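Look at the structure, then read on.

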Amino acid sequence: MSLTAYLTLAALVFAIGLFGVLTRRNAIGILLGIELMFNAVNINLVAFARFHGDLLGLVFTLFTIAITVAEVAVGLAIVIVIFRVRRTVEADRLDLLRG
Amino acid sequence: MDATVWLPVLVLGLPFASFVLLAVVAPLRRAGRAAGAVSIAAIAAAFLGAVLVWSVGFTREATWTWIPADDGPTATVGVLVDPLANAMLVLVTLVSLLVQIYSLAYLHDERPPSLGRYYTFQSLFAFSMLGLVLSPSFIQMFVFWELVGLCSYLLIGYWYARPTAARAAVKAFWITKLGDLGFVIGIVMLWAATDTFEFRVLFALAQEHALAIEGLGTIMFLIYLGAVGKSAQFPLHVWLPDAMEGPTPVSALIHAATMVTAGVFMVTRAQPLFALVPDVLALIGWVGAFTALLAATMACVESDIKRVLAYSTVSQLGYMMAAAGAGAPDAGFLHLLTHGLFKALLFLGAGAVIHAVGTNDIFRMGGLFRAMPQTGVVFIVGTLALAGFPPLAGFFSKEAILAGVWEADMTGPFLMLALTVLLTAFYMFRVVFLTFFGRAPAAGHPHDPSWTMRAPLWVLAALTVLVGLRLALGDVGAHHGPGWLAPLSVAAALGGIALAWATYQRGVVDPGGLAATFPFSVVDLLARRRYGLDTLYAGLYRGFLLGFSRLIGWIDRYLVDGVLNFLSAWTLRGGDLLRHIQSGHAQDYVYGVAFGVLLLFVWSQWWPR
Amino acid sequence: MTVPVLSLITWSPFAGALLIMFTARYRPLAVRLIAVATTGVSMVGALWLYAVYDRDAAGFQFYEKVPLVPPLGISYELGVDGISLLLVLLTAVIIFAGVFASWTVTVRSQEFYALLLALVTGVFGVFVALDLFVFFLFYELAVLPMYLLIGVWGSSGEIRPRGIFAWAYRETGVGTKEYAAMKLTLYLLFGSAFILVGIFALYVNAGASSFSFVDLEGVSFAPAVQRWVFLAFYVGFGVLAGIWPLHTWSPDGHASAPTAVSMLHAGVLMKLGAYGVVRLGMGLLPSGAVELAWLMGTIACVNIVYGALSAMAQTDLKYVIAYSSVSHMGIVMLGAATLTETGLNGSVFQMFAHGVMTGLFFALVGLVYEKAHSREIGKMGGFGAVMPGIATAFTMGSLSSLGLPATAGFIAELLTFLGAWRSDHRWWLFPAVAGTFLTAVYVLRVAKQIFWGPPSPHFQHLEDARGPEWVALVLLVTVLVLFGMVPGLAIAPVDTATLPLLARIVGF
């Protein structure tokens, strides 16, 4: 399979993830969308590592996976606290910082 | 500094010292009569000095730097003493002295602080007028010109709580200011061309025919405009009758004998320059004669005794200017001097009458000769002088003017002036007959005024007679025109007197009927409406000037500032609109970031390198 | 050791401000005494400076220099020449009178006086600074306290919104003191942006080595640079000088400001704008000045006539005086635009004369407002009978305003007229002269409406000036008459400065 195929796959996954971030009402849904975007980035990195024979791509992938894990942990913790305080996780209702 | 310099400076300085003293030392000023004493003492001493200067006949000039500049002073101050100035010194100090003494009695009922204020201004006026006549340059003359205008404003508005007086004071200031605009433009242009304001230098240049500057005619015309305002020539004469709102002694001093003559004095002083522009002189002559006639017609229909005298003054000023315009400035100046005496006399006499009767309306007076014989006598002396009856002073000066105008081949002005002789006699004797003769009104016990008011009257009357005799015996600078001139002017005077006698004393001629017949009806109508000039000025002021200013004010506040407020309001509104970008929803921000990244991507790929 | 007089004069009020804030809070009398003392020091300093100034030498005297940032060429450099000498004296006189005119400020007087004194330090600094960076610093110091002074201690009026922009008037709150404060400060800062750009342009074009005026004077800039930078300076300083159409901050600002602030602002700060044009614009950019003199003069003529007509139409006393300032600043700018010795002398003299006169007017207006609690001319009348002292002072101010001889205003206007007719645009003489007539109309009309006539039924219990209030009036009237009668006192030193300035310009 050519490099292009992998990159196309990654782009599609990224687009789906972005769409999810922009349109999901539920905060956890948004976090899932962010996860998809991260995974798309990972696919990209691994694909380039494979087709250019460079290990650096795989090193970066490990980095991003670690960061993703941390981010998910913190993000879910924030969502839980928000739920405790506001009794809702709907993104539309969380606008305390509006101008 | 030798006597020829410090003596005139002293004459100038004494009223100034009196003014400063009264202005600064408030308790002295508020004491009223004490202030009057100080002022009178100063002017009396100045009078003595003036007589001394005049009798010895000093001729001297001295100047000091006033506005310095790198290559010589821009303006100087100083004194120029010569026969012209000396005569004026005596006139100004004499009439000031008499008027100030007279005022003690006339303004007897004033509150002391107000009286103090009056004398402060009188001192300032004396100083200013003396400074004007002693001026060696146009700039100094202008300085004192404005200062006498200031005193006029302050003294017309002496009873400032009266709205009519307040209006009259500002009107006088503004109308004369219009003339002064011309004056200042003229001297600025003259300075730019010649680098000097000083008479001595300018006259020397004129003599050497080195004054062929382009536009000299315009310059001299503009300078003449100052005289038009100050000496109440047509069409800037409208302030003088209204100026009668001031106390009568003020009218006598400022608006008859001295300040208003400043214009004539200036034209006479600057004669060497005016001689270079005969067109302007001709204009001066025509305007002067026209003013004389116009004012005389208005005096014929006035019922306020002071206003009759005011129009009479305008008329006589016209005579003086006509003489200057005809190239006979000596005649005009002689008339200035004689007129100063008998007009002041008439005003002070009128003041005595007003003081006694309590009204200015001649139709509410009558038969006063029996009640106030002394006043009557001096008033009639003054009237005869004004009418031009020999051997009183007025006859000689008037004849000199007529002769000068005739010899300058100015027929139009001559006819106007001759007719005015008749009218002058008519309206003055109209006043005399209505005021002093005829039936007395029922109310009141009028009587001759106190000695303080009577003495100045007698002094002036005596001088009128004496000066006349002196002119008759000597041949002091008086013209004698063609042989038929003297009889003609006397006949005209007699004609006017006879007409007045017939109309107002004997009742043979009905004034109403006379006024109704053509062509008198036209003149009567116009004269009663003052030829529409007052209405015109009022309309220009209220309608045009104030209206235009309101327009500008509106434009500034609502258009010029409006644009600014518009920008400001839109900044506020813009901020309000932009505020909504900050929705508070994290997703919207992500949207923005994503969109921005897209744009960057497009730009990086498709922008031509 | 020579006493650094200029620094003393400049920083003495600031020291007073600090003293007040740290030692005299909640003690009103102490506040005032400190203010009087420190401005008194400045006044004495200015008078001494005036007396000792060498009238035969051109150039800057009483020079002080302390390097601040040598790599950038910034130093604390002070000096006076004939022009700034007169303006320093003016500032000292006005602030000294202003301190007395504010005697009756009751609310938070310590902050008021502290801000006022800080502001005055800025003004003094601008007049004596010879380093452009420090000049700008002082300039900002002279502008920023205005916001607080007007916004807190000012007075609001009422302006009915009309015209096509009426909604904007409602939205921005026209007429309130907060509006006036904001408008004045923002507009002046807008102008200062242009000035800053100009300063930097000159700095860079001169080789980025020095901000010193003395050094920059020797540099010959390219004509295009001169033209644009002069324009920048003209617009930037012109806002402060109140040139049309950038003058509209002035009526609202002066009307809403407290008395001493108006005195200082109309009396001194507007002159600062003109001084900037003359010192930086004409002094450093001669060919630019020659090229754009026509613009300066024409707009000045507009100022004169337009300002006078606007003043005629006003019904609020403070607005009359404010527009009168706009009109008289036109004479200042016109005199400078004539590029002649007499004209420029007249311009500087008018800066001084008008400064004193308008200081007097605002002091008087403040007094009338305090006694009558109204600024509406239509309701007033017959005040002269109960407040003769104020009436007299007002009349004297009016006479100087319309240029009556024996007052300082006459000398200023005469010199400007002479300069105008000798300039390259002779027609400027006519609007200028017309301006004096229009001034006579509105100023005497207002005096008549307020002080003459029968007593107005709207006011009772009016009284004349009392105690410390007299100080300001007597001082200012005396100065007006003194310089009107002996103009040589001012012209001699000024001439030493204007001649070399013009020599550089006329060379083009």
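## The interface of chain C and chain B

This is a predicted model. In it, 68 residues of chain C are in contact with 62 residues of chain B. The size of an interface is often given as the accessible area lost when the parts come together. Chain C and chain B bury about 5800 Å² between them. Carbon and sulfur atoms account for 74% of that area.

Polar links are found here too. Across the interface of chain C and chain B there are 18 residue pairs in polar contact, with both residues at pLDDT 80 or more. Which helix gives the most to the side of chain C that touches chain B? Helix H18 of chain C, residues 429–451, does, with 12 residues. By class, that side of chain C has 46 nonpolar residues, 12 polar ones and 10 charged ones.

## Salt bridges between the chains

Chain C and chain B have 3 salt bridges between them. One of them pairs Asp195(B) with Arg422(C). Their closest N and O atoms are 3.0 Å apart.

Asp561(B) and Lys183(C) also form a salt bridge, at 2.7 Å from N to O. Asp561(B) lies in helix H25 (residues 533–578) of chain B, and Lys183(C) lies in helix H8 (residues 177–205) of chain C, so the pair joins two chains. Are these two residues buried or exposed? Both Asp561(B) and Lys183(C) are buried.

## Salt bridges within chain C

Arg279(C) and Asp81(C) meet in a salt bridge, with 2.7 Å from N to O. This pair links distant parts of the chain, 198 residues apart. Arg279(C) sits in helix H12 (residues 259–284) of chain C. Asp81(C) sits in the loop between strand E2 (74–80) and helix H3 (82–101) of chain C. Arg279(C) and Asp81(C) are both buried.

Now take Glu178(C) and Lys177(C). Their side chains form a salt bridge at 3.8 Å, N to O. Glu178(C) has 44% relative accessibility, so Glu178(C) counts as partly exposed. Lys177(C) has a relative accessible area of 17%, so Lys177(C) is buried; the cut-off for buried is under 20%.

## A network in chain B

Some salt bridges share partners. In this way Lys171(B), Asp242(B), Glu302(B), Arg307(B), Arg530(B) and Asp534(B) are joined into one network. Over all chains, the structure holds 26 salt bridges.

Definitions and conventions. Residues are numbered from 1 along each chain as its sequence is written. Chains are lettered from A and ligands numbered from 1 in the order in which they are written. This is a predicted model: local features need pLDDT of at least 70, side-chain atom pairs count only at pLDDT 80 or more; totals for chains, interfaces and linings use all residues. Side-chain values use heavy atoms; hydrogens and water are left out. Contact means heavy atoms within 4.5 Å. Buried area is the accessible area (1.4 Å probe) that two parts lose on being put together, summed over both. A salt bridge is a side-chain nitrogen of Lys or Arg within 4 Å of a carboxyl oxygen of Asp or Glu. A polar contact is a pair of N or O atoms within 3.5 Å; within protein, one must be able to donate a hydrogen and the other to accept it, and residues adjacent in sequence count only if both atoms are side-chain atoms. Helices (H or I, at least four residues) and strands (E, at least two) are DSSP runs, numbered from the N terminus. Ala, Val, Leu, Ile, Met, Phe, Trp, Tyr, Cys and Pro count as nonpolar, Asp, Glu, Lys and Arg as charged, and the others, Gly among them, as polar. Buried means under 20% relative accessible area, exposed over 50%, partly exposed in between (1.4 Å probe, protein chains only).
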